[in-house]
Amino acid sequence: MKTTAGPGLELLDVPEPEVGPTDVKIRVLRAGLCGTDLHLEQWDDWAASTVKPPMTIGHEFYGEVVEVGEDVTSVHVGQRASGEGRHVCIHTMGVGVNRDGAFADYVVIPASNVWVQPDDLDPDLGAVFDPFGNATHTALSFPMAGEDVVITGAGPIGVMAAAIARHVGARHVVVTDVSDYRLELARNAGADLVVNAARSNLREAMDELGMKEGFDIGLEMSGVPSAVEDMLANMNHGGRVAMLGLPKDPYPIDWGRVITHMITIKGIYGREMYDTWYAMSSMLQTSSVLRERVASVITHRFPAEKWQDAFAAARSGQCGKVVMDWS
């Protein structure tokens with residue numbers, strides 16, 4: 001829990017959350033750590049302006065349904081499920097940000113936000129449906145079969161986007177970052193070429209791949225201005241860019257290039273209910289290779305009691321996705 005308006009978290013015994021008539025209570029089995037959770041722990045300016053303690057945080061989770069409200073017919077006790085933590089709505093109340101979240105034994109969410117999972121789904125995989133959804137929403141924004149794709153940022157979402165791009169038939173998949181550790185994760189997930197932006201650039205990557213005209217699809221996952229600049233400078237005429245990475249501060253871009261090269265830029269946030277969720281489940285059901293590549297982004301696992309070690313691993317940057325076991 002975030003108990004006070006300041007840095008840190010506490011592991012406490014609290015009453016179980018109550019279930020309203022349209023709610024579902026889920027016994028949490030796994031929960032993934034997100035950059036948002038690190039912001040909340042450290043209590044930066046964004047956290048201070050957004051969160052009102054006391055509150056349980058955490059929004060990436062998978063578990064078992066243990067209770068449903070009297071008006072709920074779409075979800076049943078005993079089913080396994082993940083949950084959509086927010087929605088594209090001006091009145092959104094984010095799980096683990098604006099209301100109690102999933103770093104707990106139990107979490108309660110509206111039945112309409114529950115995504116029932118197959119009984120045989122790996123619990124760890126179920127816990128990353130939230131970031132996998134971000135990757136899916138971004139990657140599937142534009143048709144990419146046969147296209148040359150560049151992904152800037154090899155965090156867990158960028159790595160999963162590389163796996164999706166390979167799954168749907170991109171020709172070349174190139175991933176950039178400044179972390180060799182994370183670039184290796186991207187390579188293992190299906191990237192043809194990885195570029196450490198501290199030592200090389202996309203122009204050199206194009207030359208290595210024999211590309212002449214630039215990338216057709218760009219997926220921006222870093223929030224880093226220099227990465228965006230390098231991407232836009234190497235897009236093909238008529239190229240399309242989906243942007244998920246949130247920058248720390250505003251930054252300029254060369255709008256002249258965007259206009260004269262007829263580049264389409266689309267902002268992405270979260271997932272689309274329910275299109276993204278259907279796409280995620282369907283892709284995983286049809287490909288064991290994709291399941292393995294998405295699961296490969298999970299590099300660290302900790303029991304919930306070791307939450308401080310889990311947060312330390314996530315902060316280190318020498319990791320992919322960190323998952324806590326609440327079972």
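I looked up the open sheet and found 6 strands in the order 8-7-6-9-10-11, with parallel pairing. Strands here are DSSP E runs of at least two residues, helices are H or I runs of at least four, and both are numbered from the N terminus; two strands pair if DSSP finds at least two bridges between them. Strand 8 (193-196) and strand 11 (264-267) sit at the edges with a single partner strand each, so one side of each has no neighbour in the sheet. The twist averages 15 degrees from one strand to the next.

**Sources.** I'm working on a predicted model: local features need pLDDT of at least 70, side-chain atom pairs need 80 or more, and totals for chains, interfaces and linings use all residues. Residues are numbered from 1 along each chain as its sequence is written, and side-chain values use heavy atoms, leaving out hydrogens and water.

**Strands 7 and 8.** I checked strand 7 (residues 172-177), which pairs with strand 8 in the parallel sense over 4 bridges. Val 174 stands opposite Leu 193 in strand 8. Helix 6 (residues 180-188) packs on the sheet and touches strand 7 and strand 8; contact means heavy atoms within 4.5 Å.

**Ser 179.** Next I went to the loop between strand 7 and helix 6, where Ser 179 has its place. Buried or exposed? Ser 179 is buried, with a relative accessible area of 14% (buried is under 20%, exposed over 50%, partly exposed in between, with a 1.4 Å probe and protein chains only). Leaving aside residues up to four places away in sequence, I see Ser 179 touch Asn 196, Gly 317 and Gln 318.

Key
Axes fitted to C-alpha atoms, helices over the stretch in contact; angles between N-to-C directions.
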